[in-house]
Amino acid sequence: MVNELFQDIIRKRRSVRKFEAGHSVSKKALKRIIDCGRWAPSGANVQCWDFLVIDEPEMRDAVTDVFQRQAQRLVDHAKGFPAVKKTYLANTVAIVIVIGDPRWKVCFPQPTSQGWGKEYLENNEAIFLCSLGAAIQNIQLGVTAEGLTSAWLSGGGEDITNKELSELLGYPEWMRAYGTIPIGYPAASQNRRYRRPLEQTIHWNGYQPTKYRRHEQVDFYESIVRPFAMYRDEESMETWVDRAKKLGKWDSAFTSAETNPGGKLQPRADFSAPRVVGKATKRRNQD
Ligand SMILES: Cc1cc2nc3c(=O)[nH]c(=O)nc-3n(C[C@H](O)[C@H](O)[C@H](O)COP(=O)(O)O)c2cc1C
């Protein structure tokens, strides 16, 4: 029973970007939610986070303004990404901002031998970010367990937005808002979301090359499928009415256990920027 409840909360946690206006939440419930974040694991147990809880309407509106500007910058300078206007933040009952304190990275393994910097320092960053991710995830799950819903906004961590948030909320600018979690009551059903088939993601006792996702599939997702996979209220692409049109020859790579039937792997390629011409690319190239 406990397991069923747990699975239910995991599945019900959803990114919702439309909330009903006119609700409120108790400080007690917010404290229970934050306590979930407090119990997250962190490298060397440094707990490199602080949780800013915004539940006063005036401050919420000021934070909403910051994110409106952030959303507009995405539209202007990150064309092609299916960004959503952030006006919905005005209907939240609270907004939690998880800030990360980078000083704590010094507690992770530090290189002591010449030439070992790359080995350890890059991993310090990974440990730091994963710790913050665990806290953000725990908070989202805590929100779900309270019968509320939320989203996970990473845009607060962008330089300009983080500066504006730090000035508004008073935290040192060198700390960073790695996760912003608007909390509220959903305005529309958001019960499901696309997930890869379970069998496609599991590799028993070693990596199975037939489950490797080819470079071209990544390109196709970035350029064509992404907005639908992000926002549609469907778990499987098999139920998409426009499945054939949207997936084309990539249908089985997105819906079956195997993505790469030939089992041939590819050499590393440059994915530092999008690579193909599709709808997203055309939007990106618009002036
Ligand atoms: C690290 C990270 C950053 C994200 N950033 C944003 C964001 O800035 N804005 C947003 O609307 N959703 C953001 N999301 C939410 C994802 O789009 C969402 O988790 C994904 O589409 C799957 O949907 P689901 O959360 O409903 O299962 C982020 C999620 C993660 C884990």
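What share of the contacts in the chain between residues at least 6 apart in sequence join residues at least 24 apart? The share is 79%. The legends below go from the whole chain to single residues of this predicted model.

Figure 1. Read from the N terminus, the elements follow the order α-α-β-α-β-α-β-α-β-α-α-α-α-α. The radius of gyration is 21 Å, close to the 19 Å from the globule rule for 287 residues, so the chain is as compact as a globular protein of that length. Along the principal axes, the C-alpha atoms fill a box of roughly 55 × 55 × 55 Å. Of the 287 residues, 23% count as buried.

**Figure 2. The two domains of the chain.** Domain 1 covers residues 8-184, and domain 2 covers residues 198-285. Between the C-alpha centres of domain 1 and domain 2 there is a distance of 28 Å.

**Figure 3. Strand β4 and the strands that pair with it.** Strand β4 spans residues 176-184, and nine of its nine residues are buried, so the strand is largely enclosed by the rest of the structure. Strand β2, made of residues 94-100, pairs with β4 in the antiparallel sense over seven bridges. In one view of this pairing, Ile-97 has Thr-180 of β4 as its bridge partner. Strand β3, residues 149-150, also pairs with β4 in the antiparallel sense, over two bridges. Here Ser-150 stands opposite Ile-183 in β4.

**Figure 4. The residues around the ligand.** The ligand is surrounded by Arg-14, Ser-15, Arg-17, Val-84, Ala-151, Trp-152, Leu-153, Ser-154, Gly-155, Arg-193 and Met-230. Sorted by class, this shell holds five nonpolar, three polar and three charged residues.

**Figure 5. Ala-29 in helix α2.** Helix α2 runs over residues 27-38 and contains Ala-29. Is Ala-29 buried or partly exposed? Ala-29 has 19 C-beta neighbours inside 10 Å and therefore counts as partly exposed, since a buried residue needs 20 or more. A second residue, Phe-108, may be shown for distance: Ala-29 and Phe-108 are 79 residues apart in sequence, and their C-alpha atoms are 33 Å apart in space.

**Figure 6. Ala-44 in the loop between α2 and β1.** Strand β1, at one end of this loop, is formed by residues 49-54. The phi angle of Ala-44 is near 50°, a positive value in a residue other than glycine. Most residues other than glycine have a negative phi. Ala-44 counts as partly exposed because it has 14 C-beta neighbours inside 10 Å.

**Figure 7. Asn-205 in the loop between α6 and α7.** What is the phi of Asn-205 near? The value is near 55°, and this is a positive phi in a residue other than glycine. Asn-205 is exposed, because 5 other C-beta atoms lie within 10 Å, and the cut-off for an exposed residue is 12 or fewer.

How values were computed. Residues are numbered from 1 along each chain as its sequence is written. This is a predicted model: local features need pLDDT of at least 70, side-chain atom pairs count only at pLDDT 80 or more; totals for chains, interfaces and linings use all residues. Helices (H or I, at least four residues) and strands (E, at least two) are DSSP runs, numbered from the N terminus. A residue is near a molecule or strand if its C-beta atom, placed from the backbone, lies within 6 Å of it. Ala, Val, Leu, Ile, Met, Phe, Trp, Tyr, Cys and Pro count as nonpolar, Asp, Glu, Lys and Arg as charged, and the others, Gly among them, as polar. Domain bounds come from an automatic or database domain assignment. The radius of gyration is taken over C-alpha atoms; the globule rule is 2.2 Å times the number of residues to the power 0.38. Two residues are in contact if their C-beta atoms, placed from the backbone, lie within 7 Å. Two strands pair if DSSP finds at least two bridges between them.
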